[in-house]
Amino acid sequence: MTKQQIRKQVLIKREQLTSKEVSLFSYKIFNSLTPLLLQYKNFFIYNSFKNEVETKQIIKFLIQNKKNVYLPKIKNGKIFAVKFSNDMKKNNYGIDEPNGEKIEISNFVSIIPAIVLDKQGNRIGFGKGYYDRFLKENECLKVALCYDFQLFDKIPSEEHDVKMDYIITPTRLINCHLSLNKAFNCP
Ligand code: ADP
Ligand code: MG
């Protein structure tokens, strides 16, 4: 199957989730994410929309724990980081973005949305390559969130695709580097 076909199939499944399921699964993911949230200081985190794994609770927790929180903003076909603020405006996709200027962050964790992932850390997004470009230019710890049905054993990937370090689902925490070792059949 091509990236396009897998993306379409998984999106249909995600659209069928009820809001109860979205809340329950997102809560489970938030729970397993908490130790990591407490361990680091700077976070670049997506603002969830539609049936994506919800991040509102995570963002609230980060703010309460005095972490530095940055959200993505899209301009001229690129995403960049903007400091979190309650003053938000919808972008062309209908996603809330904080009003604010581009800011350079270093030493940070990126919490990344995905449509499909595999255990080696390959990721399929909406097909615009926004995160591939951002992550290529911004070295960080890459943590992707998804539901279990979005996690595959192996998906196609291209040269420009940036790999995730960790994947968190409602039932699993995957270290993509360890998963790579397994794929090489280490004794
Ligand atoms: P997604 O990661 O959102 O699923 P793709 O990986 O299919 O999307 O990438 C979509 C488009 O973005 C591709 O045409 C690809 O060439 C382009 N792209 C991705 N990363 C880069 C990059 N670093 N520089 C230039 N173009 C890129
Ligand atoms: Mg890509």
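Two strands count as paired if DSSP finds at least two bridges between them. With that in hand, welcome to some close-up views of this predicted model.

**View 1. Seven strands make up an open sheet.** Follow the strands across in the order E3-E2-E1-E6-E9-E11-E12, and you will find that their pairing is mixed. Strand E3 (78-83) and strand E12 (173-175) stand at the edges with a single partner strand each, so one side of each has no neighbour in the sheet. On average, neighbouring strands are turned by 25° against each other, direction ignored.

**View 2. Strands E1 and E2 run parallel.** Here, strand E1 (residues 42-45) is joined to strand E2 (residues 68-75) by three bridges. To find your place, look for Asn42, which stands opposite Asn68 in E2. Helix H4 packs on the sheet, where it touches E1, E2, E3, strand E6 (109-112) and strand E9 (141-145). The direction of H4 makes about 65° with that of E3.

**View 3. Asp132 and Asp161 coordinate the magnesium ion (ligand 2).** Asp132 belongs to helix H4 (residues 130-137), while Asp161 sits in the loop between strand E10 (151-152) and strand E11 (166-168), so the pair ties together parts that are 29 residues apart in sequence.

**View 4. Are the two aspartates Asp132 and Asp161 buried or exposed?** Buried means under 20% relative accessible area. Asp132 has 11% relative accessibility, so Asp132 counts as buried. Asp161 has 13%, so Asp161 counts as buried too.

Methods
Residues are numbered from 1 along each chain as its sequence is written. Chains are lettered from A and ligands numbered from 1 in the order in which they are written. This is a predicted model: local features need pLDDT of at least 70, side-chain atom pairs count only at pLDDT 80 or more; totals for chains, interfaces and linings use all residues. Side-chain values use heavy atoms; hydrogens and water are left out. Donors are N, O and S atoms within 2.8 Å of the metal (3.2 Å for Na, K and Ca); water is not among the atoms, so sites may look incomplete. Helices (H or I, at least four residues) and strands (E, at least two) are DSSP runs, numbered from the N terminus. Buried means under 20% relative accessible area, exposed over 50%, partly exposed in between (1.4 Å probe, protein chains only). Axes are lines fitted to C-alpha atoms, for helices over the stretch in contact, and angles run from 0 to 180 degrees between N-to-C directions. Contact means heavy atoms within 4.5 Å.
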